[in-house]
Amino acid sequence: MRAQFVLSEIGVGLRRNLTMTFAVVVSVALSLALFGASLLMSDQVTSMKGYWYDKVNVSVFLCNKSDAESDPNCAKGAVTEDQKTQIKGDLEKMGVVDSVTYESQDAAYKHYKEQFGDSPLASSLTPDQMQESYRIKLKDPEKYQVVATAFDGRDGVQSVQDQKGILDNLFGLLNGMNWAARAVMALMLVVALMLIVNTVRVSAFSRRRETGIMRLVGASGFYIQAPFIAEAAVAGLIGGTLACGFLLVGRYFIIDAGLALSEKLNLINFIGWDAVLTKLPLILATSLLMPALAAFFALRKYQKV
C-alpha cells in the first residue's frame with residue numbers, strides 16, 4: 001500500500017510540473033553526456049599517447065656541405081665518416097637507446113619527395129642538399145633530453161630533434177579541449193541542480209495541504225519526503241538514460257559510421273566500445289543519486305517536511 005502511494009505521488013508530481021520536469025531531464029542529460037564525453041576524451045588522449053609515444057623517434061641530423069656555409073652549428077664543415085662512426089657508436093652505447101637507424105641523403109630525398117612532392121620547393125632540391133641523420137628509438141620517450149644533452153653542439157651534428165615535442169603540442173590542445181568540456185559540464189550540472197531544487201520546492205509547495213494532513217496523522221518525515229525525492233530521482237534517471245544514448249549514438253556516428261573517422265584517420269588508435277560501455281553505469285548511478293540527494297537537502301532546508 002505504501003509503495004503504491006509513493007508511486008502514485010511520483011506520477012502526480014511529474015505530471016503536475018511537466019515543464020520543469022522536462023527542463024530537469026534535458027539539463028541532466030546534457031550535463032552527464034558532457035561528463036561522459038570528457039571521460040572518453042581522457043581515455044582517447046591516453047590511448048593516443050600510448051600508441052604514438054611508442055613510435056616517436058629522436059633524430060640526430062648531421063651537417064652537410066650547404067650547412068657548413070650557413071649554419072653556425074656546422075662551422076667546422078660537413079660531417080666526416082669518422083665522426084659518423086663515432087656518433088653511431090656512442091648512440092648504441094647509451095642505455096636509454098633501443099635502436100639506431102641510419103638515413104642517407106638519398107633516402108631522405110626520397111622520403112621528402114613522397115611527402116611533399118607537390119610543393120614548389122621539391123623541384124629545386126637535390127639529394128646532396130638533404131641531411132643525413134640517425135633515427136633513434138628510445139626505450140622511454142621521456143628520456144629525450146639525455147640524447148639532446150649528449151649530442152647538441154657536437155662536431156658534425158647540425159641539430160637534435162624530438163618528435164615527441166610535436167605530439168606534446170597536439171595532446172596539449174586535446175587536453176585543453178577536454179578541460180573546456182569539463183567546465184561546460186560543471187556549469188550544466190549546476191544548472192541541473194538548481195532546476196531540481198526549484199522543482200522540488202514548487203512540488204512540495206503545491207502539495208503542502210496533503211503533507212500537512214500526513215503530518216497530522218503521524219506520518220514520518222521520510223515517508224512524506226519519499227515521493228519528492230523519488231520524483232527527482234526518476235527525472236534524473238530519465239536524463240541519465242538519454243545521456244547514455246547520446247554517448248552510444250555519438251561514438252557510432254563519429255567513429256564507425258557517419259563521419260567514419262576510424263576509416264578516414266586510420267593512423268589514430270580510437271577507443272573501442274568497451275570504453276564507452278564501462279562509463280554507462282557511472283552515468284546512470286550519478287543521474288539517480290545526484291537528483292535524489294539534491295531533493296533530500298532541499299526539502300530539509302526549505303520545506304521542513
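Modeller: A pocket here is an open set of points on a 1 Å grid over the protein atoms alone, with protein on both sides within 12 Å along at least five of seven lines, and its lining residues have an atom within 4 Å of a point. Grid points are joined across faces, edges and corners, and a volume is the space filled by probe spheres set on the points. With that in hand, the largest pocket has a volume of about 600 Å³. Before we go on: this is a predicted model, in which local features need pLDDT of at least 70 and side-chain atom pairs count only at pLDDT 80 or more, while totals for chains, interfaces and linings use all residues. Residues are numbered from 1 along each chain as its sequence is written, and side-chain values use heavy atoms, with hydrogens and water left out.

Biologist: Thanks! Which residues are closest to the centre of the largest pocket?

Modeller: Of its 22 lining residues, Ala 37, Met 41, Gln 44, Ile 254 and Ile 255 are the closest to the centre. Helix 2, helix 7 and helix 9 are the elements that give two or more residues to this lining, and helix 2 has the largest share, 7 residues. Helices (H or I, at least four residues) and strands (E, at least two) are DSSP runs, numbered from the N terminus. By that rule the chain has 12 helices and 4 strands.

Biologist: What makes up the lining of the largest pocket by class?

Modeller: There are 17 nonpolar, 4 polar and 1 charged residues. Ala, Val, Leu, Ile, Met, Phe, Trp, Tyr, Cys and Pro count as nonpolar, Asp, Glu, Lys and Arg as charged, and the others, Gly among them, as polar.

Biologist: And what about the largest cavity: how much space lies in it?

Modeller: About 100 Å³. It is called a cavity because a 1.4 Å probe fits at its points but cannot get out. The count comes to 3 cavities of 30 Å³ or more. In the largest cavity, 11 residues form the lining, and Thr 199, Val 200, Glu 231, Ala 232 and Ala 235 are the closest to its centre. This lining divides into 7 nonpolar, 3 polar and 1 charged residues.

Biologist: Why is the link between Lys 279 and Asp 43 called a salt bridge?

Modeller: The rule asks for a side-chain nitrogen of Lys or Arg within 4 Å of a carboxyl oxygen of Asp or Glu. Here the closest N and O atoms are 2.6 Å apart, so the pair qualifies under that cut-off. The pair links distant parts of the chain, 236 residues apart: Lys 279 is in the loop between helix 11 (273–277) and helix 12 (280–303), and Asp 43 is in helix 2 (residues 18–53). A search of the whole structure finds 7 salt bridges.

Biologist: How do you know whether Lys 279 is buried or exposed?

Modeller: Buried means under 20% relative accessible area, exposed over 50%, and partly exposed in between (1.4 Å probe, protein chains only). Lys 279 has 13%, so it falls in the buried class.

Biologist: Which strands hold Glu 103 and Arg 135?

Modeller: Those two form a salt bridge, with the closest N and O atoms 2.8 Å apart. Glu 103 lies in strand 2 (residues 97–103) and Arg 135 in strand 3 (residues 133–138), so parts 32 residues apart in sequence are tied together. Glu 103 is buried at 10%, whereas Arg 135 is partly exposed at 23%.

Biologist: What makes a group of residues a nonpolar core?

Modeller: It must be a set of buried Ala, Val, Leu, Ile, Met, Phe, Trp, Tyr and Cys residues joined through side-chain atoms within 4.5 Å. The largest one has 30 residues, and Val 28, Ile 196, Val 200 and Ile 283 touch the most other members. Helix 2, helix 7 (163–206), helix 9 (221–256), helix 11 and helix 12 each supply at least two of its residues. Helix 9 gives the most, 8 residues.

Biologist: What is Ile 283 in contact with, leaving aside its neighbours within four places in sequence?

Modeller: Contact means heavy atoms within 4.5 Å. Among the partners of Ile 283 are Leu 32, Phe 35, Ala 243 and Leu 247. A second, separate core of 19 residues includes Val 58, Val 60, Val 100 and Tyr 134.
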